[in-house]
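Trainee: I am new to this structure. Please walk me through how to read it.

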Amino acid sequence: MTILLTGGSRGKTSSRIARLLAQADIPFVVASRTVYDKVPYVQAQFDWEDKTTYSKLFADAKAKTGKPVSAVYLVPLENKNVGQQLRDFIDVAVKENNVSRIVLLSAASVEKGSFGWGEGHEHLVKLHEEVGLEYAVLRPSWFQENFSEFIYLPHIKNEGKIYSAMQDGPLPLISADDIAAVAFRTLTDPRPHNTDYILLGPTNWTYDEVAKILSDVVGKPITHVKQSKEEQVKFFISAGMREEYAHLMADLEAEYVASGAEGQLSSNAVVKVTGRPPKGFVEFALKNRQVWV
Ligand SMILES: NC(=O)c1ccc[n+]([C@@H]2O[C@H](COP(=O)([O-])OP(=O)(O)OC[C@H]3O[C@@H](n4cnc5c(N)ncnc54)[C@H](OP(=O)(O)O)[C@@H]3O)[C@@H](O)[C@H]2O)c1
């Protein structure tokens, strides 16, 4: 088998799946808009926003590995076209390139058929029923690594501040390591999973509690700044996020997370699929202390 990982060599989940595949000696290609220097993996280029690059990606992956792609990990964008992008990409994979298994990264709050990633989820189920496509949909909560690899990082490090519109909303923060472990199993297990998994960390945390944990671990005060939705949109845009994504993320924070809805979820999927419990946030903070010092 050859596995195609979208999300590229630097994506929070795809980079970790790449490490697991390399350790298992399973051939794979990582793909995003960029071919990076000093990456020890086969890389290829494509752009979610340019449909003409999808077919070329499969041809390129085959040329570089000598084998056709058999399974794909999808890390979609967050924009208004993502449903169509997912349908187009999945069709190119399955109908033109005989890909037999697809694993989609979605989110805990996104149901099958709902706008965006839910449309991709629905399309996978449709192709499963029509042509026997093997699939899995991973539906994680917010990632622990948002504090160490995302736009919060420089503000935590330089100002001792975490800006959000989540107020006191609880989140079962999940480790990207656990998402990658579930992705690895769903991509490589001989028996297909053909289902969706809600992936949660072991504990609900508010961002006030996260700030307290990081303060204790780093040894300096880190505070949670509770912003309005409008302030959070401006923060995301000033941090480099595209306007459309900034609005979507701020809406999710202010209306969904702040309402407490994500804290109501429950799932044992990580332990069920990987055989080990999900990693906790304190363990994550201790392991990554250096990035905030
Ligand atoms: N972070 C969370 O808390 C969370 C929670 C639930 C679900 N999710 C979902 O998980 C997915 C990944 O989010 P993330 O923040 O963790 O990002 P990520 O995987 O760390 O990074 C996104 C990757 O996508 C690539 N990319 C960006 N634009 C692209 C384009 N036009 N075409 C091809 N590749 C492109 C980027 O590489 P290049 O720059 O090289 O193109 C980058 O490596 C998103 O759909 C997100 O909403 C995230």
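Trainee: Which residue forms a salt bridge with Arg16?

Mentor: First, keep in mind that this model is predicted. For a salt bridge, look for a side-chain nitrogen of Lys or Arg within 4 Å of a carboxyl oxygen of Asp or Glu. Here the partner of Arg16 is Glu149. Their closest N and O atoms are 2.8 Å apart.

Trainee: Which domains does the protein chain have?

Mentor: Start with the residue ranges in the domain assignment. Domain 1 covers 3-140. Domain 2 is written in pieces: 143-173, 202-264 and 279-293. Taken over C-alpha atoms, the centres of the two domains are 27 Å apart.

Trainee: How many residues of domain 1 are in contact with domain 2?

Mentor: Count each side in turn. Domain 1 gives 12 residues, and they are in contact with 11 residues of domain 2. Then look at area. The two domains bury about 990 Å² between them. Carbon and sulfur atoms hold 53% of that.

Trainee: How many salt bridges and polar contacts are there between domain 1 and domain 2?

Mentor: There are 3 salt bridges between domain 1 and domain 2. Residue pairs in polar contact number 4, with both residues at pLDDT 80 or more. Now sort the residues by class. The side of domain 1 that touches domain 2 has 5 charged, 4 nonpolar and 3 polar residues.

Trainee: Now the ligand. Which residues are closest to the ligand?

Mentor: Begin with the surrounding shell, then pick out the closest members. The ligand is surrounded by 24 residues. Gly7, Ser32, Arg33, Tyr36 and Asn146 are the closest. By class, the shell has 12 nonpolar, 7 polar and 5 charged residues.

Trainee: What share of the ligand does the protein cover?

Mentor: Compare with the ligand on its own, which has 880 Å² of accessible area. The protein covers 86% of that.

Conventions:
Residues numbered from 1 in each chain as written. Predicted model: local features only at pLDDT ≥ 70, side-chain atom pairs only at ≥ 80, totals over all residues. Heavy atoms only, no water. Domains from an automatic or database assignment. Contact = heavy atoms within 4.5 Å. Buried area = accessible area lost by both parts, 1.4 Å probe. Polar contact = N/O pair within 3.5 Å; in protein donor to acceptor, adjacent residues only side chain to side chain. Nonpolar A, V, L, I, M, F, W, Y, C, P; charged D, E, K, R; others polar. Near = heavy atom within 4 Å. Areas by Shrake-Rupley, 256 points an atom, 1.4 Å probe, with all protein chains shown as cover.
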